[in-house]
Amino acid sequence: VDTSPTFATWKVFSPGVSRVGGSYNVCYCANYDTSARTNLFDAASVAFTACDSDTEFTHSAGSVVVRGADGGQAFECAKNTTCSFTITGYGLSAMDLVQVISYSADGAACTSGSPAASSAFGVARTNALRGSGLQRQFSLGTTVLQNTYTVCYCAAYNKDIWGVLPSPASAVCDENVEFSHQAATVVVPGAVSGELYRCHKGSSCIITVAGWSLRTSDRLRVQALGMPCGTAVSRAGGFIFSPGSGTATSRAFQAGLATEPSSFTVCYCPSYDGPDDDSLPCSDSLEFTHEAGNLIVRGIYVGNQYRC
């Protein structure tokens with residue numbers, strides 16, 4: 001859009017929203033018409049049109065660098081694990097930040113979205129740990145709440161150059177609106193925590209787990225009550241079960257016949273392959289990253305003696 005008068009010493013152009021990072025050459029046409037034979041005839045002005053041919057953009061006016069994330073990346077972080085990932089892009093810097101918001105398929109939601117609650121991640125807005133102009137590594141701390149999230153990117157952007165927003169005009173990446181585009185999505189698979197499951201002595205025990213992004217490769221571990229999940233302490237004892245029927249938000253685990261009344265801790269592994277050496281998910285107690293709840297087997301003990 002040209003907003004300046006004729007024969008001015010400056011002109012303003014707006015090429016629209018920048019969508020792909022990179023360095024671009026700006027070519028200029030100074031109302032130049034090479035030849036009537038090679039240009040389009042404009043019936044309204046009864047003349048041939050200038051600047052309608054590539055050859056009429058005769059010289060470079062400069063360059064434009066579009067900085068930011070490539071977009072479209074997808075990451076997965078198991079519930080109750082450290083969530084780290086590497087964003088790729090162009091012109092990335094140590095001053096860049098990411099912000100996690102509730103999932104939205106619309107990239108425009110980044111400029112209006114608020115950071116995810118602290119109950120979802122250790123941190124919802126953070127700067128890069130390390131990297132280069134083409135990639136930057138970020139860490140959101142420990143994942144807490146199972147769900148899908150959108151990762152928004154701020155390429156050291158300061159929209160508030162006039163000082164009209166609440167924060168200082170010199171600050172970058174401190175307003176939601178400055179997280180201008182979507183960089184990635186993060187899926188946090190796992191079970192809903194704090195559930196209470198009940199079975200009865202002498203009957204088949206089926207534990208139905210609610211959660212997010214649950215899969216047939218997930219596993220359930222039933223262990224002594226009070227024993228923490230995801231620790232080396234829980235390696236001793238415990239029983240592991242595979243899911244039967246279910247969906248991405250609900251899986252049923254057949255835990256066999258309940259033989260004695262008792263209480264247990266139920267731990268969940270969302271197909272997570274931890275730092276062990278076998279490259280197999282759910283093969284170690286450390287990979288049962290979080291507690292799904294407690295299991296109570298109701299009934300009476302065998303061998304009780306009663307006197308009247």
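Modeller: Before we start, two strands pair here if DSSP finds at least two bridges between them. Also, this is a predicted model.

Biologist: Good to know! How many bridges join β15 to β22?

Modeller: There are 6 bridges between β15 and β22, the latter covering residues 290–298, and the two strands run parallel.

Biologist: And which residue in β22 stands opposite Tyr197?

Modeller: That would be Leu295.

Biologist: Switching to packing: which residues touch the most other members in the largest nonpolar core?

Modeller: Phe85, Ile87, Phe121, Tyr153 and Val186 do, out of 24 residues in that core.

Biologist: Which strands supply at least two residues of this core each?

Modeller: β7 (82–90), β8 (97–102), β11 (135–142), β12 (147–154) and β13 (181–188). Of these, β13 gives the most, with 4 residues.

Biologist: Back to Ile87, what does that residue touch?

Modeller: Leaving out residues up to four places away in sequence, Ile87 touches Ala69, Gln73, Phe75, Leu92, Leu134, Gln135, Arg136, Phe138, Tyr153, Ala183 and Ala184.

Biologist: How many residues are in the second, separate core?

Modeller: That one has 18 residues, including Cys199, Leu220, Ala258 and Tyr268.

Key:
Residues are numbered from 1 along each chain as its sequence is written. This is a predicted model: local features need pLDDT of at least 70, side-chain atom pairs count only at pLDDT 80 or more; totals for chains, interfaces and linings use all residues. Side-chain values use heavy atoms; hydrogens and water are left out. A nonpolar core is a set of buried Ala, Val, Leu, Ile, Met, Phe, Trp, Tyr and Cys residues joined through side-chain atoms within 4.5 Å. Buried means under 20% relative accessible area, exposed over 50%, partly exposed in between (1.4 Å probe, protein chains only). Contact means heavy atoms within 4.5 Å.
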